[in-house]
Amino acid sequence: MSFSQLQWGVRGGRLIKQLLNGPQAVAFVPALALAAFWFGGEGLLVIVALGLPMLMFFSSPPAQTTAPISHGFLPELPIKNLEQHLEQILGDARSTGAVTACYLLHLDGPFPTAAAGEELRSAYLRNLRSCLRQSDLAGWTNGNTLVVAMAPNRRLDLDAAIQAARRFQTTLEDPVAAGGRLWHVSVCVGLAISTRLASHTDGTDMLNAAQLALQEARQNGASAIRTYSAKRHKTQQKSALPPSEAVAALENGGIRPWYQPQLCTETGRISGLEALARWSHPTRGLIAPAEFLPALQRGAALSRLGDCILYHACRDLAQWDKAGLNLPQVGVNFSEDELADPRLIERVRTTLDKFGLSPDRLRIEVTENVALSGAVSDAARSVTALSKLGCKIDLDDFGTGATALTALQNINVDRLKIDRSFVRRVDRDEAQRRLLAAILGMAERLGIETLAEGVESHGEHALVAQLGCTHVQGFGIARPMPGAQIPDWVNGQQARLAKLPRLGLVRRS
């Protein structure tokens, strides 16, 4: 046999093997069976019908038992592998002139442990995958943070990337059932898009950029979204607050309270204000507490912040009394360390006396940690002393920690401030509604008032009022504002109430 004949034989064998594998082989089976019957009768038909499937089986390639994972559903991503994936995606994007983006989505909220925790994590990842293409990467990183790496896309730009971030956020903030109950979280998003990164950026740099954006988002409150900007990041690094400047602002009155109104659900009238620390910087504008609190801590002045806010809040309340405004109370936050200071009681009493205010005009907001610390702790003793003085006690962010009903026996609580996670979408979620109703029912049986935090829509406002919550607070009512704006807001609220129709008896002639 010549070499050319051998080549033709090999090629013919390959051709026959290709024809016998894959979906095209199915098309030849009826034709071969019919030809066998036509030329050879039933005997040849039986041979073809039995022999051809066996020949196809033995000529098929072995099944691939392992395959490299590059994209898709990844339940857990070690950072090293994640950086390698990002490196690959960046390379693909650059070689094709496309765009990619990396998202870090941090879930803030209570998480169960053990089996329920794994069930919850799987559910959140499954919901996130429903928003993605098959070629996009998604998985958990360390902690309660999900990562998404978008496959290269020529149509992806910054606006589309931000819209996708909002879509991911909305999906993850929907309630998820796990361990026999519903779980609610708020989601902050950090986004790094390749068009905002340097040409030499690698996977590690892209991940770091997304982490910086996520850090900025978390500093700006719940459900914030931030994109990475190299220019802005360099500016922030250069303008980091020195402790001396923050301490000087505190001492000179630069850090003052802004006030968020609270409304009574029965009358619609303002029932109080919460004092929130804000720093109005002469050149940088308004600085959030997440930025200046670390500077105060480094300057060993964080403990003086509570006294500063208390002083200004009592002074403003006294001035509003003189102006004829009907503002019943103001709430001030004290940390556990501040409450543990035995001199706090005397400072509160002295400040109230200085401005001629009775103790019941002041609400002290404490965290669940204080309630759980036990009745004999220094912080709990201070709260008890403030209550005996006549101040009202609010248990802040109720439901976010491990509060047990017995913890309410440690301190005298006048009002529960129900966390936003129990209020979000209560007008659209029946399970959320039942849960909130149970909390409100418990508070009513204990003789404790309630305030719903984070009310952001008319539907939430109406529903919590219908369920029996006595007070509301949130962006749907009013955002925090400087004290100088409070009189105009109060007068506007009173004007709105005056325009509402009133029911009355109609006399019959």
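At 17% relative accessibility, Asp-341 counts as buried (buried is under 20% relative accessible area, exposed over 50% and partly exposed in between, with a 1.4 Å probe and protein chains only). The side chain of Asp-341 meets that of Arg-347 in a salt bridge, 3.3 Å from N to O; a salt bridge here puts a side-chain nitrogen of Lys or Arg within 4 Å of a carboxyl oxygen of Asp or Glu.

Before going on, a word on the model. It is predicted, so local features need pLDDT of at least 70 and side-chain atom pairs pLDDT 80 or more, while totals for chains, interfaces and linings use all residues. Residues are numbered from 1 along each chain as its sequence is written, and side-chain values use heavy atoms, leaving out hydrogens and water.

### Charged partners

How many salt bridges are there by this rule? The count comes to 19. Arg-347 turns up in another of them, with Asp-307, where the closest N and O atoms sit 3.0 Å apart. Asp-307 belongs to helix 10 (residues 305-322) and Arg-347 to helix 12 (residues 344-354), so this pair ties together parts that are 40 residues apart in sequence. (Helices are DSSP runs of H or I with at least four residues, strands are E runs of at least two, and both are numbered from the N terminus.)

Then there's Arg-420, which forms a salt bridge with Glu-456; their closest N and O atoms are 3.5 Å apart. Arg-420 is in the loop between strand 15 and helix 15, and Glu-456 is in the loop between strand 16 and helix 16, so the pair links parts that are 36 residues apart in sequence. Here's how four of these partners sit:

| Residue | Relative accessible area | Class |
|---|---|---|
| Asp-307 | 25% | partly exposed |
| Arg-347 | 27% | partly exposed |
| Arg-420 | 17% | buried |
| Glu-456 | 46% | partly exposed |

There's also a network of salt bridges, linking Glu-274, Glu-365, Lys-417 and Glu-453.

Asp-396 is another story. You'll find Asp-396 in strand 14 (residues 392-398). Which side chain of opposite charge is nearest to this buried Asp-396, which has no salt bridge? That's Lys-417, 4.2 Å away (Lys and Arg count as positive, Asp and Glu as negative, and His and the chain ends are not counted). Setting aside its neighbours within four places in sequence, Asp-396 is in contact with Asn-333, Glu-365, Val-366, Glu-368, Lys-417 and Glu-453, where contact means heavy atoms within 4.5 Å.

### Around helix 16

Now for helix 16 (residues 458-467), where Glu-460, Leu-463 and Val-464 are buried. Look down the axis of helix 16 and its buried residues fall within an arc of 95°, so they line one face of the helix; the arc is that of the directions from the helix axis to the C-beta atoms. On the face turned away from that buried side you'll see the exposed residues His-458 and Gln-466. The cover over the buried residues of helix 16 includes helix 15, strand 16 (449-452) and strand 17 (471-472). After helix 16 comes Gly-468, with a positive phi near 110°.

Arg-425 isn't a glycine, yet its phi is positive, about 60°. Most residues other than glycine have a negative phi. Arg-425 is also buried, with a relative accessible area of 15%.

### A hairpin and some cysteines

Strand 3 (residues 137-140) is covered on both faces: Leu-137 and Gly-139 are buried on one side, Ala-138 and Trp-140 on the other. Strand 3 runs antiparallel to strand 4 (residues 145-149), and four bridges join them; for two strands to pair, DSSP must find at least two bridges between them. Gly-139 has Val-147 as its bridge partner in strand 4. Four residues lie between the strands of this hairpin, and Gly-143 takes a positive phi near 75°.

As for disulfides, the structure holds zero, counting any pair of cysteine sulfur atoms within 2.5 Å. Where is the cysteine sulfur closest to that of Cys-391? It's in Cys-314, 8.7 Å away, which is too far for a bond. Cys-391 is buried at 2% relative accessibility, and Cys-308 is buried too, with a relative accessible area of 11%.
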